[in-house]
Amino acid sequence: MTNIFFRKLVYIIIVSVGMSVGYDLNKHKICYYLGNTHLDTHWNWPVETTINQYLPNTLRENFKLFNKYPDYKFSFEGAYRYMLIKKHHPALYDSLRQYIAQERWFVAGSMLEACDVNIPSPEALIRQILYGNGFFEAEFGKKSVDIFLPDCFGFGLALPTVAVHCGLKGFYTQKLSWGVWKNPTNQTGGMGLWEGVDGSTLISPWSCTDTSYLVKQLGDATGVYASYNFTYIGDIGGAPSDASVAARQARINLNDTSFGPNSSFKIIYASSDQFFRDLTPAMISRFPKYKGELLLTSHGTGCYTSRPEMKVLNRKNELAANAAEASSVVANWLANKTYPTTDLKESWIRFLWHQFHDDLTGTSIPAVYAYSKPELDSTLSQFNSVIAKSLEAVSLSLDTKVQGIPLVVYNPLAFDREDIVDTIISFESGAPSYLRVFDKIGLETPSQEISRNGSKIRLPFLAKVPSMGYAVYDIRSSNTPCAIDSGLSVTSSSLSSKRYEVSIDANGDISTVYDKINQKHLLSAPARLALLPNNPSQWPQWEIPWSDISAMPRTYLSGPAMLQVVESGPVRVTLQVTRQVDSSTIVQLISLNAGGAGDVVEIKMNLNWKASNTLL
């Protein structure tokens with residue numbers, strides 16, 4: 001890879017320094033200056049470089065400014081970075097504790113990492129705050145009340161709701177200057193309330209500048225004359241230059257002490273969340289509201305397709321973590337098994353920090369993923385190990401006496417579930433002719449053999465399991481296969497279930513989906529695969545231009561299509577559609593399932609993609 005160490009738009013947030021100024025937002029015009037240096041935990045370098053160079057440099061350089069300028073203050077986000085400092089630089093960490101106690105250095109952002117907030121689940125975002133502010137409180141007796149994400153690539157509507165649920169008050173990013181689909185920067189004075197999906201609101205400075213026009217606009221509308229201010233450089237940590245700090249000192253020395261609309265600005269040092277703490281409910285009620293996604297037309301249109309293995313592993317870890325916790329609670333209740341508090345927390349933290357905004361999104365160099373992917377594989381194994389041990393403990397407390405092979409099925413979801421269990425049954429000696437599956441009271445459930453490899457048989461079956469509960473199934477040898485009529489059928493151009501009729505046209509497209517229950521056609525036209533241009537001017541690994549993704553398709557995938565029935569049974573029917581375009585092979589597996597698993601038309605894609613500068 002050439003020119004790998006490109007620069008992003010990043011920043012050091014200049015800190016105002018100097019005398020302590022008493023102020024009142026009801027009376028003064030307040031200019032909040034914040035000290036922060038942007039540090040990517042790993043992006044164009046592995047995390048080892050951050051540990052060995054960038055973190056100690058950040059501490060030492062800021063400590064020098066603390067010693068030289070008695071009023072200098074600094075904020076730093078990401079509890080995981082504090083964990084790294086504690087582990088690898090204990091002497092510096094001891095000094096850091098002292099500066100935090102003196103309120104010279106502030107914890108910021110509330111989160112474990114400066115994470116992406118679109119791919120992670122709301123539960124993962126809550127855990128980011130739980131473990132982030134939890135660490136800050138345990139170590140320093142401090143916590144922040146803000147979401148501080150200057151360098152993320154877009155912000156979904158779940159974020160305000162999650163943040164307010166966790167007791168936070170404000171949100172800051174500088175990325176809105178990179179373009180969003182709906183831009184709120186026209187809010188009064190560049191300030192407003194970002195409203196979440198449930199009506200929760202976060203105080204948000206959309207435009208971070210001390211431009212007198214914006215401050216006057218905000219003040220005239222709300223009675224709050226204030227600004228929230230930064231300058232931008234960064235990526236590798238460090239501290240503001242000595243010259244910039246000295247300049248701010250001179251400006252602060254000019255603060256006047258008069259009140260009223262004609263007085264000059266009071267320049268104050270502030271933590272990243274001080275502005276949000278200072279606003280009263282009455283002030284906040286006068287701020288304009290903005291409701292909508294804050295998704296970028298730069299970066300965000302591409303980085304969510306890059307490094308898909310990271311997205312898959314992240315979601316698997318989120319699901320496994322939830323299942324591990326729920327199963328451990330049940331194992332504690334039913335089998336008196338000790339809840340693995342430490343193991344689960346360590347695994348959560350170990351995978352959550354990889355939600356860092358350059359890691360999970362796929363914008364880092366290959367060396368980063370040589371580290372990150374094995375870490376996520378490892379945490380997934382740890383969660384699955386906890387699940388297996390909990391299942392084993394619970395199984396010993398259940399009645400598993402059956403005619404054949406007992407199989408305990410666990411449902412980690414918070415609702416009753418009927419779904420397909422895809423299992424592999426191994427036999428020490430020769431496998432039987434067929435297998436059939438029965439529930440605990442002896443009623444047969446749909447099952448079908450998919451494949452066998454020696455003494456191993458792959459056998460999906462339909463199971464019904466209560467919320468966060470268990471069910472015992474009986475797998476019996478048989479001379480005949482399952483013959484239950486579950487309402488499934490398939491031909492070379494159609495699939496049918498009790499819920500849907502699905503047709504495939506000569507091009508290989510899904511041409512109709514008819515919902516039998518609601519008596520409604522769900523498609524107004526065939527569901528087609530479009531080929532779009534992709535011509536990024538920079539960062540080709542992960543950047544997709546907004547103009548390309550919003551353009552009309554270059555063409556659509558068409559036939560001739562090869563259609564083949566690959567599954568036909570009482571559990572699942574599947575039609576395989578194979579097509580080629582630009583030397584690429586596209587295979588779709590279109591399935592309908594039995595029972596409660598049949599409320600979706602399931603489509604899986606297998607691609608051998610060879611097209612250049614083309615999006616599918």
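Reader: In what order do the four strands of the open sheet with β16 and β22 come?
Author: Keep in mind that this is a predicted model. The pairing in this sheet is antiparallel. β16 (405-410) and β19 (444-445) stand at the edges with a single partner strand each, so one side of each has no neighbour in the sheet. Reading across, the order is β16-β22-β18-β19.

Reader: Which residue in β22 is the bridge partner of Val-437?
Author: Start with the two strands, β18 (residues 434-438) and β22 (residues 470-478). They pair in the antiparallel sense over five bridges. In β22, the partner of Val-437 is Ile-475.

Reader: How confident is the predictor in the protein, and where does pLDDT stay under 50?
Author: Taken as a whole, the protein has a mean pLDDT of 90, and 93% of its residues reach 70 or more. Where pLDDT is low, the predicted coordinates should not be read in detail.

Reader: Which residue of β21 is the bridge partner of Ser-426?
Author: β21 pairs with strand β17 (residues 417-426) in the antiparallel sense, over 10 bridges. β21 also runs antiparallel to β20 (residues 451-453), joined by three bridges. Asn-453 has Lys-456 of β21 as its bridge partner. For Ser-426, the partner in β21 is likewise Lys-456.

Reader: What phi does Gly-454 have in the turn between β20 and β21?
Author: β20 and β21 form a hairpin, with two residues between them. Gly-454 sits in that turn, and its phi is positive, at about 65 degrees.

Reader: How are helices α2 and α4 turned against each other?
Author: Two packed helices are described by the angle between their axes and the distance between the axes. For α2 (residues 79-88) and α4 (residues 122-140), the axes are 9 Å apart and the angle is about 45 degrees. That angle makes α2, relative to α4, oblique.

Reader: What kinds of residues make up the contact of α2 with α4?
Author: On the α2 side you'll find Ala-79, Tyr-82, Met-83 and Lys-86. They meet Gly-132, Phe-135, Phe-136, Glu-139 and Phe-140 in α4. Sorted by kind, the residues of this contact are six nonpolar, one polar and two charged.

Reader: Is Ser-328 buried or exposed?
Author: Ser-328 lies in helix α10 (residues 308-335). Leaving out residues up to four places away in sequence, Ser-328 touches Tyr-339, Pro-340, Leu-344, Val-386 and Ser-390. With a relative accessible area of 2%, Ser-328 is buried.

Reader: And is Lys-64 buried or exposed?
Author: Look for Lys-64 in helix α1 (residues 47-68). The cut-off for exposed is over 50% relative accessible area. Lys-64 has 60%, so it counts as exposed.

Notes
Residues numbered from 1 in each chain as written. Predicted model: local features only at pLDDT ≥ 70, side-chain atom pairs only at ≥ 80, totals over all residues. Heavy atoms only, no water. Axes fitted to C-alpha atoms, helices over the stretch in contact; angles between N-to-C directions. Parallel < 35°, antiparallel > 145°, perpendicular 65-115°, else oblique. Contact = heavy atoms within 4.5 Å. Nonpolar A, V, L, I, M, F, W, Y, C, P; charged D, E, K, R; others polar. Pairing = 2+ DSSP bridges. pLDDT = per-residue confidence, 0-100. Buried < 20%, exposed > 50% of the residue type's maximum accessible area, 1.4 Å probe, protein only.
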